[in-house]
Amino acid sequence: MKTLVTYMTQTGNTKKIADAIYGEIAGEKDIKAIGEISNLEGYDLVFVGFPVMQFNIPEKVSNFVKENVAGKNIAFFMTHAVPEGFEAIQSWTGSCKDIAEGGNFLGTFDCQGELAQPVVDRLLKADDPQMKAFGEMGPSTKGQPDESRIQKAKEFAKEIQAKVQ
Ligand SMILES: Cc1cc2nc3c(=O)[nH]c(=O)nc-3n(C[C@H](O)[C@H](O)[C@H](O)COP(=O)(O)O)c2cc1C
């Protein structure tokens, strides 16, 4: 069995989760930024990670998944500024399921990721009040994903692998 962990990241949070998942995977495996791959050929299991942006999956990620998911075992991981349990996370999870239609959707992991200071500064200046509100969330996201989240991501990786073995 060959597994791919692919991710998008701007400030490194999602990459931390990608590395944790990758470290737990048994068998043949690759880890690549989403921009480095053109399709999913040759992989039996794929983990796709992204930062939530503007209350959504970044288009680059959703387009890639929709175009390549047919017949693939696929799981998702995402980082976001809102705290875990925030209501909108359910809709992001639902969107993951939607874009994976045609593939075998195995599950989603999510955790909080720190808002980098330049991002906070930018968001605070945004016209959109929702984006401004994210900027104000900055201090409460410091240090995420922390070690406990990394551990949870590792457990997620094991659970997903167990589903395809
Ligand atoms: C332009 C922009 C929009 C964002 N929109 C959201 C959002 O809608 N909801 C949310 O929870 N976090 C939002 N975030 C925060 C990121 O999802 C979060 O900091 C994430 O961990 C960044 O991951 P990365 O370091 O892998 O890029 C946004 C960040 C940026 C820069």
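User: Where does the ligand sit?

Analyst: The ligand is in the largest pocket. Bear in mind that the model is predicted.

User: Which elements give two or more residues to the shell around the ligand?

Analyst: Those elements are α1 (13-24), β4 (73-80) and α4 (117-124).

User: Which residues come nearest to the ligand?

Analyst: T9, T11, T14, V52 and F55 come nearest, out of 22 residues around the ligand.

User: What is the shell like by class?

Analyst: The shell has 10 nonpolar residues, 10 polar residues and 2 charged residues.

User: Which polar backbone atom is 2.8 Å from an oxygen atom of the ligand?

Analyst: That backbone atom belongs to N13. A polar backbone atom of G12 is 3.1 Å from an oxygen atom of the ligand. For E114, the distance from a polar backbone atom to an oxygen atom of the ligand is 3.2 Å.

User: OK, and how much of the ligand does the protein bury?

Analyst: The protein buries 95% of the 640 Å² that the ligand exposes when taken alone.

User: New topic. How many salt bridges does the structure hold?

Analyst: There are 6 salt bridges in the structure. One of them is between the side chains of D30 and K2, with a distance of 3.7 Å from N to O.

User: Where in the chain are D30 and K2?

Analyst: D30 is in strand β2 (residues 28-33), and K2 is in strand β1 (residues 2-7). The two residues are 28 apart, and the pair links distant parts of the chain.

User: Why can side chains pair like that?

Analyst: Side chains of opposite charge can pair when their charged atoms come close.

User: Which residues does a cis peptide bond join?

Analyst: The cis bond joins Q144 and P145, with omega about 0°. P145 is in the loop between α5 (129-136) and α6 (147-164). Most peptide bonds are trans.

User: And what is phi at Q54, positive or negative?

Analyst: Phi of Q54 is positive, near 50°, and Q54 is not a glycine. Most residues other than glycine have a negative phi. Q54 is in the loop between β3 (45-51) and α2 (59-68).

Technical notes: Residues numbered from 1 in each chain as written. Predicted model: local features only at pLDDT ≥ 70, side-chain atom pairs only at ≥ 80, totals over all residues. Heavy atoms only, no water. Near = heavy atom within 4 Å. Polar contact = N/O pair within 3.5 Å; in protein donor to acceptor, adjacent residues only side chain to side chain. Areas by Shrake-Rupley, 256 points an atom, 1.4 Å probe, with all protein chains shown as cover. 1 Å grid on protein atoms, 1.4 Å probe; cavity = no way out; pocket = protein on both sides within 12 Å on 5 of 7 lines; lining within 4 Å. Sits in = over half its atoms within 2 Å of the grid points. Helix = DSSP H or I, 4+ residues; strand = E, 2+ residues; numbered from the N terminus. Nonpolar A, V, L, I, M, F, W, Y, C, P; charged D, E, K, R; others polar. Salt bridge = Lys/Arg side-chain N within 4 Å of Asp/Glu carboxyl O.
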